[in-house]
Amino acid sequence: MTASAPASAIESMLVENRVFPPADAIVQAARVSGMAAYAALCAEADGDFEGFWARQARSNLQWSRPFTRTLDASNAPFFQWFADGELNASANCLDRHVGTPTENKTAIVFEADDGALTRVSYRELFARVGQFANALKAHGVAKGDRVLIYMPMSIEGVVAMQACARIGATHSVVFGGFSAKAVHERIVDAGAVAVVTANCQMRGGKELPLKTTIDEALAMGGCDGVRNVFVYQRTATACAMRAGRDKSFAEALAGQSTDCAALAVGAEHPLFILYTSGSTGKPKGVQHSTGGYLLWAKMTMDWTFDLRADDVFWCTADIGWITGHTYVAYGPLAAGATQIIFEGVPTFPNAGRFWQMIERHRCTIFYTAPTAIRSLIKAAEADAAVHPARSDLSSLRILGSVGEPINPEAWMWYHQNVGGGRCPVVDTFWQTETGGHVIAPLPGATPLVPGSCTLPLPGIAAAVVDETGRDMPHGAGGILVIKRPWPSMIRTIWNDPERFRKSYFPEELRGYYLAGDGAVRSVDRGYFRITGRIDDVLNVSGHRMGTMEIESALVAKTDLVAEAAVVGRPDAVTGEAICAFVVLKRARPTGEEAGQIANELRNWVAKEIGPIAKPRDIRFGDNLPKTRSGKIMRRLLRSIAKGEAITQDISTLENPAILEQLSQTN
């Protein structure tokens with residue numbers, strides 16, 4: 001286990017002298033006003049750790065049964081928070097607003113791919129969730145059951161998640177771009193008893209099937225536990241329906257009451273399982289609790305986004321990812337916000353769509369990924385008609401960045417061209433496993449430095465350490481850890497507690513939580529900068545993809561591929577690009593044949609995992625660079641992928657001549 005870059009290399013990345021203090025007007029109106037207020041919160045958390053979290057849990061959540069014990073660390077690292085308390089996540093997102101002025105407030109503004117608008121109030125959303133929850137119960141779904149959700153971005157997707165939470169079922173949402181095989185793996189691992197899907201989704205003016213993917217997945221075997229498939233008819237296009245198992249939303253909801261009492265569950269009850277890529281090839285089912293997760297979702301909405309009652313919040317993430325869970329399906333609703341949900345892509349019908357939507361809906365908080373920002377920079381430079389300057393963005397108050405580190409120049413463009421130089425940019429670091437932001441600036445307190453996620457939120461004991469868990473000095477690179485548990489942290493890996501322990505709490509790190517990223521703190525301010533993954537997980541457009549998962553997919557093409565190795569290289573748009581080095585079971589192809597086979601393999605990977613996992617570069621060799629003991633030397637492949645000269649020690653390399661062969665582009 002090593003950090004992703006040596007200290008000397010990291011120090012050169014830290015030459016960033018631009019600092020943007022928060023404007024006085026923002027400081028004066030902020031929930032956390034000024035660095036002194038931030039420091040006071042940190043001191044409160046440090047001085048009375050359990051008391052701090054207990055006070056936050058009591059003031060931010062509504063409990064059916066109050067908890068009496070805050071943290072149970074008796075079975076570390078399987079920490080429990082508020083374990084003897086009971087609550088319901090859906091009740092905290094919806095019921096708490098019913099009977100208050102918020103019930104008539106718009107909860108969701110949904111803009112479809114074609115621009116069609118739907119608005120629902122909190123009262124209306126409460127009724128829709130209750131009706132779907134009753135439909136689930138009527139079909140035998142009960143507390144503790146797992147429900148797989150494979151839906152387009154829609155109000156219905158959020159309703160399905162909330163309905164599961166309402167009856168104590170544990171949902172597992174799968175991104176609508178994943179393949180039948182990936183869906184099948186998740187159905188089997190979670191032991192799902194029901195699936196919620198749609199006939200199709202709309203993206204960029206195109207209908208993309210979803211139900212057919214579910215049918216393929218269920219036909220693969222091992223899915224006998226799935227008794228019901230609920231199908232939302234997104235468009236008029238018909239899809240095959242299996243009698244006795246499949247039913248449309250209209251059929252399932254017919255005659256169901258909109259009144260469904262929320263079932264109180266223990267604070268540690270699994271709210272959801274969300275699968276994320278791992279370095280071993282098998283996706284990890286990250287399990288989150290109800291109480292601790294929801295607490296942090298609510299708190300970070302208030303802190304990181306400095307949420308106000310009149311804000312219009314827009315997180316562009318899909319509900320298939322953790323960002324769409326915390327900052328679409330749960331956090332905004334728990335906080336009583338009005339939010340925008342968007343079905344399509346930022347470049348349809350043109351690359352000005354985001355800016356036009358901000359103007360149209362008077363969006364005040366905009367939260368998106370660096371990949372989207374970088375692609376829209378290119379579009380704006382190529383066509384002035386889609387530049388942010390062509391839209392009225394004066395409603396914006398706060399900008400956010402999520403999914404991967406944002407490079408300083410993209411940060412500056414975002415700040416100047418979208419935020420008009422007046423909106424703080426909250427660059428948020430967090431993970432599926434952390435449940436919510438852990439390192440992020442507070443808009444009314446933290447001076448901003450482009451490319452830095454700045455400082456840990458109060459209560460988060462983040463640090464940079466070496467391979468033995470000892471603190472590294474500021475300016476020196478190391479491994480990012482969190483030294484103390486916090487309420488929204490991952491509870492376990494579903495069905496694999498030993499993998500959880502080894503993956504996140506390795507013995508050599510003194511019991512600290514291992515984030516899996518390298519980091520460095522600036523000498524002057526102690527600000528954090530994330531330097532990249534320390535394991536074999538790539539970050540492509542903000543989505544984590546396991547290299548082993550992609551390698552396994554390539555090698556599964558048994559009629560063609562003998563061996564494969566996958567690495568990443570930096571990419572200006574997607575953050576990292578996937579590069580595959582492949583040895584075929586036939587002679588190494590060149591020229592047009594190489595291109596044809598490369599395309600065949602890309603399509604194969606898309607079928608096995610999903611389009612997002614398609615390798616950008618595929619190079620063919622007679623062999624892979626290996627040590628004499630047979631280990632693939634991936635560090636050499638990373639250099640080749642980046643176009644760098646090989647300067648490392650290759651004395652243990654068995655076949656040096658292969659490096660020149662692999663350096664040749666097809």
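Leaving aside its neighbours within four places in sequence, G130 is in contact with R166, S257, T258 and C260, where contact means heavy atoms within 4.5 Å. This glycine is found in helix α6. At 1% relative accessibility, G130 counts as buried; here buried means under 20% relative accessible area, exposed over 50%, and partly exposed in between, using a 1.4 Å probe and protein chains only. For a sense of scale, G130 and R638 are 508 residues apart in sequence and 51 Å apart in space, C-alpha to C-alpha.

Before going further, please keep in mind that this is a predicted model, in which local features need pLDDT of at least 70 and side-chain atom pairs count only at pLDDT 80 or more, while totals for chains, interfaces and linings use all residues. Residues are numbered from 1 along each chain as its sequence is written, and side-chain values use heavy atoms, with hydrogens and water left out.

Now follow helix α6 itself, residues 122–138. Helices (H or I, at least four residues) and strands (E, at least two) are DSSP runs, numbered from the N terminus. With 17 residues, α6 reaches 24 Å from its first C-alpha to its last, close to the 24 Å expected at 1.5 Å a residue; the expected span is 1.5 Å times one less than the number of residues. Buried residues in α6 include Y122, L125, F126, V129 and F132. Just after the helix, G140 takes a positive phi of about 90°.

What about the interior? In soluble globular proteins, nonpolar side chains tend to be buried together. A nonpolar core is a set of buried Ala, Val, Leu, Ile, Met, Phe, Trp, Tyr and Cys residues joined through side-chain atoms within 4.5 Å. The largest one here has 164 residues, and those with the most contacts inside it are I187, Y330 and V582. Helix α7 (residues 155–167) gives the most to this core, with nine residues. A second, separate core of 31 residues includes W314, A351, L399 and W411. Returning to V582, and leaving aside its neighbours within four places in sequence, we find it in contact with residues including L554, V561, L601, I618 and F620.

Aromatic rings are our next stop. Rings of Phe, Tyr and Trp (its six-membered ring) pair if their centres lie within 6.5 Å; planes under 30 degrees apart count as stacked, over 60 as edge-to-face and the rest as tilted. A search of the whole structure finds 39 aromatic pairs. The rings of F49 and W53 have centres 6.5 Å apart and planes at 85°, so this pair is edge-to-face. Both residues lie in helix α4 (residues 49–60), four residues apart, about one turn of the helix. F49 is buried at a relative accessible area of 10%, and W53 is buried at 0%.

Another pair, W314 and F342, has ring centres 5.9 Å apart and planes at 90°, so it is edge-to-face too. This pair links distant parts of the chain, with W314 in strand β16 (residues 312–315) and F342 in strand β17 (residues 338–342), 28 residues apart.
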